[in-house]
Amino acid sequence: MIEERYEVAIKNGKAEAENFERTADMHMKNVETWWDKTSAEIEKGAKNTADDIEDATQESMDWLEKNFDKLDDNSKKKYEDITLKPVSYTHLRAHETPEHLVCRLLLEKKK
C-alpha cells in the first residue's frame, strides 16, 4: 500500500515537472518569436511602442517572470538575454510612448 502511493507520488511529480517544462518552452518560444519579429521590424525602420506587445506575449513575459526561479538554466539565460539585453538609443526611441516622450522632452529642456 505505501509502495503504491509512493509510486503514484513519483509519477505525479514527474508529470507535473514535464508539464511545467512544456509550458515554459511554449512561453519562451512565444516571447522569442515576438522579439525576433519586433527586432526585424525596427531594423527596417518601423516605429513600435510598448503598447504594440501582443497580449499573448505579455502573458508569456509575466508567466516567465513569475516562474523564473523554477526555470531550467537554459530558459533563464534566454529570458535574461531578451529582458536584459542592452539596446541602442534608436531601439529605445522606437518603443517610446507619448508619456515617455513628454518626460524626455521636459528633461532635455532643463539642460
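Student: Leaving aside its neighbours within four places in sequence, which residues is W63 in contact with?
Tutor: W63 is in contact with F20, T23, A24, H27 and L71; contact means heavy atoms within 4.5 Å. Bear in mind that this is a predicted model, where local features need pLDDT of at least 70, side-chain atom pairs count only at pLDDT 80 or more, and totals for chains, interfaces and linings use all residues. Residues are numbered from 1 along each chain as its sequence is written, and side-chain values use heavy atoms, with hydrogens and water left out.

Student: OK. How many aromatic pairs are there?
Tutor: The count comes to 2. Rings of Phe, Tyr and Trp (its six-membered ring) pair if their centres lie within 6.5 Å; planes under 30 degrees apart are stacked, over 60 edge-to-face, and the rest tilted. F20 and W63 have ring centres 5.3 Å apart and planes at 35°, so that pair is tilted.

Student: Which parts does the pair of F20 and W63 tie together?
Tutor: F20 lies in helix α1 (residues 2-43) and W63 in helix α2 (residues 55-66), so the pair ties together parts that are 43 residues apart in sequence. Helices here are DSSP runs of H or I, at least four residues, numbered from the N terminus, while strands are runs of E, at least two.

Student: And F20, buried or exposed?
Tutor: F20 is buried, with a relative accessible area of 18%. Buried means under 20%, exposed over 50%, and partly exposed in between, with a 1.4 Å probe and protein chains only.

Student: What about the rings of F68 and Y79?
Tutor: Their centres are 5.7 Å apart and the planes are at 50°, so this pair is tilted. F68 lies in the loop between α2 and α3 (73-84), and Y79 in helix α3. Y79 is buried, with a relative accessible area of 10%.

Student: What sits over the ring of F68?
Tutor: The charged end of K76, 5.6 Å from the ring centre. The rule asks for NZ of Lys or CZ of Arg within 6 Å of the centre and within 35 degrees of the ring normal.

Student: Switching topic: how many residues has the largest nonpolar core?
Tutor: It has 12, including F20, W63, L71 and Y79. Such a core is a set of buried Ala, Val, Leu, Ile, Met, Phe, Trp, Tyr and Cys residues joined through side-chain atoms within 4.5 Å. The largest share, 6 residues, comes from α1.

Student: And the overall fold, how many helices and strands?
Tutor: 5 helices and 0 strands.
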